[in-house]
Amino acid sequence: MNADHSNLVFQRYFAGLAEQTFQTRLGVVDPPLIDYVSDLLIRFIRSDVMHRIRSATGRPLMSVAEMAAEARQRLGDASWELHRHIGDFTLFWAGVYPEALRKSDDQFETYCSHGKRAYLIASTIHSDYEKQVPGPLFERLSDSFELCCYGLREIRREWETGDNDNNGPVQVLLN
């Protein structure tokens, strides 16, 4: 499978799972939000995307606290991009792999709090990226953060249970 074809397969797979989960199971009929969540899954398949944010000195920022501190130092597009990344990073981990954050309930709650705040801040920053992701979508992600986490857990459950006869691209990738 070439890279373009596999990207298309993953896009269709996650878009279908996200649409089915959010619209059918959760009753959320918000196509831009659902598209954003499925795009988040596609972007975060690549582990290098998770830790692509770097400090001014070039050091990778590995924790949400470091990212938040760096975000306070940035302006404009750089600030928007970092706040978006914090929101995406925390939504991905709190939604797809919450057990990794359950060392304490405090850590899980802190992740959710950082994610909600980051999306809300991103929604207020005027940026060249607004054409790609408008501020009101980030407001909805902030307001619906816990619901999106739940939806992501359901998507993960779907790809792990094999309701798709283990023929989905995630199963192929994991095998």
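Predicted model: local features only at pLDDT ≥ 70, side-chain atom pairs only at ≥ 80, totals over all residues.
**Exercise 1. Find which residues Ser38 touches, leaving out those up to four places away in sequence.**

**Exercise 2. Decide whether Ser38 is buried or exposed.**

Solution. The cut-off for buried is under 20% relative accessible area. Ser38 has 6% relative accessibility, so it counts as buried. Other buried residues of H2 include Leu33, Tyr36, Leu40 and Phe44.

**Exercise 3. Check the span of H2 against 1.5 Å a residue.**

Solution. Begin with the 14 residues of H2, which should span 20 Å. Then take the end C-alpha atoms: they are 20 Å apart, so the two values agree.

**Exercise 4. Work out how far apart Ser38 and Ile155 are, in sequence and in space.**

Solution. Along the sequence, 117 residues separate Ser38 from Ile155. In space, going from C-alpha to C-alpha, the distance is 9.7 Å.

**Exercise 5. Name the residues that touch the most other members of the largest nonpolar core.**

Solution. This core has 47 residues, and the answer is Leu91 and Leu141. Helices that each supply at least two of its residues include H1, H2 and H5. Now follow Leu91: among its contacts beyond four places in sequence are Leu40, Tyr119, Leu141 and Phe145.

**Exercise 6. Describe the secondary structure of the chain.**

Solution. Count the elements, and you get nine helices and zero strands. Finally, turn to burial: of the 175 residues in the chain, 45% count as buried.

Terms used:
Residues numbered from 1 in each chain as written. Heavy atoms only, no water. Buried < 20%, exposed > 50% of the residue type's maximum accessible area, 1.4 Å probe, protein only. Contact = heavy atoms within 4.5 Å. Helix = DSSP H or I, 4+ residues; strand = E, 2+ residues; numbered from the N terminus. Expected span 1.5 Å × (residues − 1). Core = buried A, V, L, I, M, F, W, Y, C linked by side-chain atoms within 4.5 Å.
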